[in-house]
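Here is a short report on charged contacts and backbone angles. Take a look at the model first.

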Amino acid sequence: MRSSMIIARVMGTAVASAKHTALHSSKLLIICPANIDGDISGDPILAVDLVGSGAGELVVVSQGSSARLATDYKNSPVDAAVVGILDSLHYNDKTRFRKE
């Protein structure tokens with residue numbers, strides 16, 4: 001995974017009874033990268049939810065050191081963090097996605 005922001009679809013949640021102290025109050029999500037139309041385009045990964053997103057939503061995911069910094073804990077083991085919930089996507093003068 002490279003350091004960038006991607007579009008992803010929330011597929012579900014993950015529960016870990018034992019985890020790093022920096023993650024104790026964090027909700028873990030199973031997300032899949034998505035294309036500009038919101039269709040799944042990659043394998044699932046785990047991400048920390050920083051915005052209260054839910055299953056099925058299209059989200060903005062920060063990866064790499066940017067994800068770690070978004071948690072406000074510089075030594076966090078986080079490599080992917082959900083930092084936004086998308087309401088719509090407009091690309092090439094077309095609305096490609098609109099939240100229902």
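Which residue forms a salt bridge with Asp 49? The partner is Lys 27, and the closest N and O atoms are 3.7 Å apart. A salt bridge here is a side-chain nitrogen of Lys or Arg within 4 Å of a carboxyl oxygen of Asp or Glu. Asp 49 sits in strand β3 (residues 45–49) and Lys 27 in strand β2 (residues 27–33), so the pair ties together parts 22 residues apart in sequence. Strands (E, at least two residues) are DSSP runs, numbered from the N terminus.

This is a predicted model: local features need pLDDT of at least 70, side-chain atom pairs count only at pLDDT 80 or more, and totals for chains, interfaces and linings use all residues. Numbering runs from 1 along each chain as its sequence is written, and side-chain values use heavy atoms, with hydrogens and water left out.

The whole structure holds 3 salt bridges.

| Pair | Closest N and O atoms |
|---|---|
| Asp 49 and Lys 27 | 3.7 Å |
| Asp 37 and Arg 96 | 2.7 Å |
| Lys 99 and Glu 57 | 2.8 Å |

Lys 99 lies in the segment after β7 and Glu 57 in the loop between β3 and β4 (58–63), so this pair ties together parts 42 residues apart in sequence. Glu 57 is buried at 18% relative accessibility, whereas Lys 99 is partly exposed at 38%. Buried means under 20% relative accessible area, exposed over 50%, partly exposed in between (1.4 Å probe, protein chains only).

Now the backbone. Asn 92 lies in the loop between β6 (88–91) and β7 (94–98). Its phi is near 55°, positive in a residue other than glycine. Asn 92 is exposed at 60%. Asp 93 is in the loop between β6 and β7, with phi near 60°. Asp 93 is exposed at 87%.

How values were computed. Helix = DSSP H or I, 4+ residues; strand = E, 2+ residues; numbered from the N terminus.
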